[in-house]
2 protein chains.
Amino acid sequence: MYNNDDYDFPRYPHKLVRQQIAETLTAWGMKLEHVEIAADRLIEADLRGVDTHGISMLTSYDDWRKKGWITVGTDVTVVRETPTTAVIDGGGGLGFVPATMGMQKAIEKAKQVGVSCVTVRNSSHFGASGVYALMAAREGLIGFSTTNGFSNSVVPTFGAEGKLSTNPFAFAAPTKRNQLFCLDFATSAVARGKIRNAAIEKRPVPIGWITDASGNPTTDATWYFKGALLTPLGGTRELGSHKGYGLATMVEILSAALSGAELVTDKAVHKGQKGSMQIGHWFMVINPKALMPGGEFESITDDLIDHLHAAKPVDPENPVMVAGEPEEQTIALRMEKGIPVPPGLLGKVQEIAKGCNAPFLLTADKIVKA
Amino acid sequence: MYNNDDYDFPRYPHKLVRQQIAETLTAWGMKLEHVEIAADRLIEADLRGVDTHGISMLTSYDDWRKKGWITVGTDVTVVRETPTTAVIDGGGGLGFVPATMGMQKAIEKAKQVGVSCVTVRNSSHFGASGVYALMAAREGLIGFSTTNGFSNSVVPTFGAEGKLSTNPFAFAAPTKRNQLFCLDFATSAVARGKIRNAAIEKRPVPIGWITDASGNPTTDATWYFKGALLTPLGGTRELGSHKGYGLATMVEILSAALSGAELVTDKAVHKGQKGSMQIGHWFMVINPKALMPGGEFESITDDLIDHLHAAKPVDPENPVMVAGEPEEQTIALRMEKGIPVPPGLLGKVQEIAKGCNAPFLLTADKIVKA
């Protein structure tokens with residue numbers, strides 16, 4: 001998974017980590033019903049092992065709210081709605097509430113009419129994309145989820161200048177006997193947060209993940225703070241970077257052009273005008289029963305997963321897995337043993353709590369014993 | 001583009017190449033109204049520079065029809081239909097007709113109700129995926145198109161055995177002042193046909209495109225005929241091959257599980273039972289006017305493309321392009337100068353024509369003069 005489970009960090013009970021998140025968001029002035037939704041989405045990312053998109057995001061959110069880039073205590077409104085579609089305005093706040101409302105609307109519509117598409121504008125970071133796609137899969141539906149971002153750190157193929165965000169794409173599908181299928185990935189070679197987390201902890205990153213500000217490959221993650229550029233999925237033109245670049249552009253079109261959010265490629269935006277990062281999200285849901293009634297869809301998908309599991313592995317210790325399974329294994333591990341919190345992050349979370357008069361709960365006596 | 005324009009092959013007028021395709025399909029017993037559709041889709045691939053999916057496919061189709069894997073003179077039927085969805089049965093024939101009907105239905109439905117999803121089962125090769133997504137974009141709609149395949153040549157991450165096809169994914173979006181956006185890619189590092197074409201012409205391929213049958217990297221394209229394995233987009237786990245593998249699995253779920261086609265991972269299928277390769281396709285259309293009326297969608301998409309064009313290039317001779325633009329440049333080139341046909345392929349097309357009593361039209365006197 002390339003996450004904090006690879007290190008020997010102290011672990012805290014997931015309920016306590018969620019409470020730390022909720023106390024902090026409350027102290028920042030978020031509405032209480034919004035705090036519950038946002039804390040659920042964030043702790044789900046931590047449980048799934050997506051360490052870039054859980055409690056570690058508090059450090060970025062604190063920075064953005066202080067700069068006035070996000071409006072924490074905002075309302076969420078429906079701009080436009082049809083039986084198959086809707087557009088939601090996030091009011092400049094964090095993306096969790098409008099994104100959750102967007103996916104819920106898409107789920108209701110797809111149950112009624114078979115297929116649906118909902119977008120969100122005037123939003124900001126919504127956490128892990130896969131969490132929304134999974135909401136659909138848990139209801140027996142196929143879910144898609146994308147978002148654009150505010151940092152144009154990814155270079156287009158043939159380009160020497162960052163233009164796109166890591167624009168993640170997620171897809172989830174229901175199953176019966178296997179784990180839900182859940183694909184969730186940054187369209188860059190790696191997620192930005194993996195570099196941020198390595199930089200905070202002063203760990204090197206593999207060659208191919210980033211370049212320095214001039215476009216030269218480096219293992220020094222601290223370039224994260226000095227203008228590192230990310231390559232699109234594929235890495236080089238010959239090995240397919242135009243595919244990752246094209247996917248990132250598709251995500252930008254769906255998330256921004258189809259919602260009325262602003263483009264990450266527009267350098268004038270995303271810096272707090274109107275108290276908003278002006279980010280957009282896209283959700284699409286298909287009801288498989290409209291096309292394949294009687295459970296056939298789930299049955300064929302389960303067969304596919306079984307066939308993939310049966311593939312001869314390179315190393316018998318490392319069997320072939322299917323998207324979403326490493327995360328499910330991590331949920332089981334972390335429900336039992338707690339969420340690993342690296343020391344750099346722990347210090348920042350304490351500092352943030354102190355700064356907004358929230359209680360600091362992740363004290364040494366709460367560390368889960370091995 | 002890594003295609004036949006990189007070589008000094010003789011060029012033939014596109015109308016003559018289309019006629020050669022149509023004469024051959026007719027001689028094989030395809031219904032005349034089906035021939036027109038199939039020839040249009042195939043010559044569009046040749047014009048776009050997708051040399052793996054145009055006239056070069058006649059060599060594979062001839063092989064498959066002789067083996068009884070496809071039923072050339074078949075009918076296409078609608079299995080199931082709602083206002084937002086449909087499932088089509090391709091009758092075991094080539095995929096062009098059911099895929100064209102599927103995308104047309106999806107277009108009509110999205111115009112009526114905003115969003116739609118249509119799948120095809122019991123089909124075979126449908127040519128280039130992008131051609132179908134573009135049908136939607138030309139009507140002012142967002143189009144998605146995928147297909148599974150019959151050859152399990154792509155290894156899952158951590159696997160040492162081919163399990164998935166190159167399962168292509170296409171997405172197209174309308175614009176006003178720029179070319180239509182059209183992303184069309186194999187979810188493997190490269191398309192299988194690029195290796196086949198190199199193998200026919202005995203040209204080497206770059207390291208990273210294929211491995212030999214034991215999983216070792218090779219530049220020898222003739223491994224195409226001896227069990228070469230393809231890597232998923234991303235190439236290695238550290239650089240994101242799990243993303244390409246996950247996308248390929250998503251395409252398999254959408255194309256097979258959502259249509260009732262058979263799984264490429266099932267080794268017992270795709271070898272001509274019931275005169276069919278049992279392949280499936282998926283089409284999805286979103287009407288941007290349902291979410292962003294008044295041309296806002298196209299306007300924001302055009303702005304995005306303008307911003308990407310403005311990115312500082314690594315090499316000023318090689319400006320940053322957007323998905324679909326290299327293909328549009330190739331259309332302009334080939335409309336004027338003709339379709340390049342390499343000698344290995346030309347010989348095979350002549351042999352195929354002779355074998356089915358179709359006229360052979362691509363004679364030396366028809367070569368377009370430079």
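How many residues of chain A are in contact with chain B? In this predicted model, 67 residues of chain A are in contact with 67 residues of chain B. The legends below treat this interface and then several close-up views.

**Figure 1. The interface between chain A and chain B.** The side of chain A that touches chain B receives two or more residues from each of several elements, namely the strands β3 (85–89), β4 (115–123), β6 and β7 (181–185) and the helices α7 (241–257), α8 (288–291) and α9 (296–309) of chain A. Classified by residue type, this side of chain A comprises 39 nonpolar, 18 polar and 10 charged residues. Of the interface residues of chain A, 100% are also interface residues in chain B, so the copies meet through the same surface.

Figure 2. The domain assignment of chain A gives domain 1 as residues 1–67 + 338–370 and domain 2 as residues 75–189 + 231–334. The C-alpha centres of domain 1 and domain 2 of chain A are separated by 23 Å. Domain 1 of chain A contributes 20 residues to the contact, and domain 2 of chain A contributes 15 residues. On the side of domain 1 of chain A that touches domain 2 of chain A, α2 and α3 (57–67) of chain A each supply at least two residues. The largest share of that side, 8 residues, comes from α2(A). By class, the side of domain 1 of chain A that touches domain 2 of chain A has 10 nonpolar, 5 polar and 5 charged residues.

**Figure 3. The packing of helix α2 against helix α4 in chain A.** Helix α2 (residues 32–47) and helix α4 (residues 96–113) of chain A pack at an angle of about 85°, and their axes are 9 Å apart. An angle from 65 to 115 degrees counts as roughly perpendicular, and α2(A) and α4(A) are therefore roughly perpendicular to each other. A:His34, A:Ile37, A:Ala38 and A:Arg41 form the α2(A) part of the contact, while A:Phe96, A:Val97 and A:Thr100 form the α4(A) part. The contact of α2(A) with α4(A) consists, by class, of 4 nonpolar, 2 polar and 1 charged residues.

Figure 4. A:Lys194 belongs to helix α6 (residues 192–200) of chain A. A:Lys194 has 22 other C-beta atoms within 10 Å and is buried, the threshold being 20 or more. Apart from its neighbours within four places in sequence, A:Lys194 is in contact with A:Tyr2 and A:Thr52. A:Tyr245 is 51 residues from A:Lys194 in sequence and 19 Å from A:Lys194 in space, C-alpha to C-alpha.

Figure 5. Most residues other than glycine have a negative phi. A:Phe158, although not a glycine, has a positive phi of about 75°. A:Phe158 is found in the loop between β5 (142–147) and β6 (169–173) of chain A, and A:Phe158 counts as partly exposed, with 18 C-beta neighbours inside 10 Å. In chain B, phi of B:Phe158 is likewise positive, near 75°. B:Phe158 is placed in the loop between β5 (142–147) and β6 (169–173) of chain B, and B:Phe158 counts as partly exposed, with 18 C-beta neighbours inside 10 Å.

Conventions:
Residues are numbered from 1 along each chain as its sequence is written. Chains are lettered from A and ligands numbered from 1 in the order in which they are written. This is a predicted model: local features need pLDDT of at least 70, side-chain atom pairs count only at pLDDT 80 or more; totals for chains, interfaces and linings use all residues. Helices (H or I, at least four residues) and strands (E, at least two) are DSSP runs, numbered from the N terminus. A residue is buried if 20 or more other C-beta atoms lie within 10 Å of its own, exposed if 12 or fewer, and partly exposed in between; C-beta atoms are placed from the backbone. Axes are lines fitted to C-alpha atoms, for helices over the stretch in contact, and angles run from 0 to 180 degrees between N-to-C directions. Angles under 35 degrees count as roughly parallel, over 145 as roughly antiparallel, 65 to 115 as roughly perpendicular and the rest as oblique. Two residues are in contact if their C-beta atoms, placed from the backbone, lie within 7 Å. Ala, Val, Leu, Ile, Met, Phe, Trp, Tyr, Cys and Pro count as nonpolar, Asp, Glu, Lys and Arg as charged, and the others, Gly among them, as polar. Domain bounds come from an automatic or database domain assignment.
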